[in-house]
Amino acid sequence: MRILFLVIVFFASTLGVAHSRPVTPPPSEVEKQAEPQWEFGVGAFGGVIGSFMLEPSEKNKLFTFMGAIVDVPYSGFGGVGGGGGITASALYKGVIGLEVQLYKAEESVGGHLDIGGTRHKITLNKSVWHLPLLLKLAAPTRGVRPFLFGGFDFVFSGDAEIDTTLTPSGALGDAYTAANFGLGFDFILPIDGQDIRIPLMLRGSRNFGLGESVEDLMDLDNCRLQGRGLVCGNIYRTAWHWQAFVSLGVSYHFE
């Protein structure tokens, strides 16, 4: 009995000490609590931009004027420009968040029209400010971080210019909003204590607010009859249907 009593007292005292000793969370839980919740980044970038205007179908080239149906000639346009700007982002745990960009671009498209046996070349040029607001989803990997993004691109156009042998002629620099989407990769530089990255972005932009008829693509409000023909001034709008943008930059991230 005395031995049984001593064994019970020993285990009771052991349990009491274990109960009074503070419990230390597992290391993984401590590390999770110490992880930063938000990651911020700022940077600059530049790249090459391709701009495109779709050629209307034959049906969409028809324009009704004073009860008469007129076939207005219009070609598709395409060209390459470039630009650059700055960016800022905020991501929750480096995974999901927002990125806003501001960049200026020089955009140019070209095409041609065959009228009366004569080929007329047309080039449209303009300077544009882009303000994309993007939702960003990234994989928190090391070395290289792939990410997807999508949002809206608010486009503010300056004066547009036209270079052509058509007379008369003109160009309108229209502001518009386009859908912006794409993918990218952050190449993280191996620098101790610093988070510096080289972002590569491949993006597309679609202007769903612009139709595909000549009434959408040209200013036909001032058309008038002249002799047996219709004169509309050959005034072209410059809110592109599609854009493709490849950019490369540098960014600094902090927590």
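**Reading the model**

Guide: Let us begin with one residue. Glu-39 touches Ser-89, Ala-90, Leu-91, Gly-94, Arg-145, Arg-197, His-253 and Phe-254, residues up to four places away in sequence not being counted; contact means heavy atoms within 4.5 Å. This is a predicted model, in which local features need pLDDT of at least 70 and side-chain atom pairs count only at pLDDT 80 or more, whereas totals for chains, interfaces and linings use all residues. Residues are numbered from 1 along each chain as its sequence is written, and side-chain values use heavy atoms, with hydrogens and water left out.

Visitor: Is Glu-39 buried or exposed?

Guide: Relative accessible area decides this: under 20% is buried, over 50% exposed, and in between partly exposed (1.4 Å probe, protein chains only). Glu-39 counts as buried because its relative accessible area is 10%. Across the chain of 255 residues, 36% count as buried.

Visitor: Which side chain does a polar contact join to that of Glu-39?

Guide: A polar contact is a pair of N or O atoms within 3.5 Å; within protein, one must be able to donate a hydrogen and the other to accept it, and residues adjacent in sequence count only if both atoms are side-chain atoms. Here the partner is Arg-197, whose side chain lies in a polar contact of 3.3 Å with that of Glu-39.

Visitor: In which strand is Glu-39 found?

Guide: Helices (H or I, at least four residues) and strands (E, at least two) are DSSP runs, numbered from the N terminus. Glu-39 belongs to strand β1, residues 38-53. The chain as a whole has three helices and 14 strands.

Visitor: Which strands make up the closed barrel?

Guide: Two strands pair if DSSP finds at least two bridges between them. The barrel consists of eight strands with antiparallel pairing, in the order β1-β4-β5-β6-β7-β9-β10-β14. One may follow its pairs in turn. β1 joins β4 (residues 77-92) through 16 bridges, antiparallel, and Val-48 faces Gly-82 of β4 as its opposite residue. The antiparallel strands β5 and β6 share 18 bridges, with Tyr-103 opposite His-130 in β6. β6 and β7, again antiparallel, are joined by 16 bridges; there Leu-131 has Phe-154 of β7 as its bridge partner. Ten bridges link β10 (residues 195-206) to β14 in the antiparallel sense, and Ser-205 stands opposite Gln-243 in β14. β1 and β14 pair over 13 bridges, with Gly-41 opposite His-253 in β14.

Visitor: Which residues form the covered face of β14, and which the uncovered one?

Guide: In a regular strand the side chains alternate between the two faces of the sheet. In β14 (residues 242-254), the covered face holds Gln-243, Phe-245, Ser-247, Gly-249, Ser-251 and His-253, while the uncovered face holds Trp-242, Ala-244, Val-246, Leu-248, Val-250, Tyr-252 and Phe-254.

Visitor: Which residues touch the most other members of the largest nonpolar core?

Guide: A nonpolar core is a set of buried Ala, Val, Leu, Ile, Met, Phe, Trp, Tyr and Cys residues joined through side-chain atoms within 4.5 Å. The largest one has 27 residues, and Tyr-74, Phe-77, Leu-124 and Tyr-236 touch the most other members. At least two residues of this core come from each of β2 (62-65), β5 (96-115), β6 (118-138), β7 (144-164), β9 (176-188) and α3 (214-217). The most come from β6, which gives three. Another core, apart from this one, has six residues, including Leu-91, Leu-134, Phe-149 and Met-201.

Visitor: Which residue takes a positive phi in the hairpin of β5 and β6?

Guide: It is Gly-116, with phi near 60°, in a hairpin that has two residues between the strands. In the hairpin of β6 and β7, with five residues between the strands, Gly-143 takes a positive phi near 80°.
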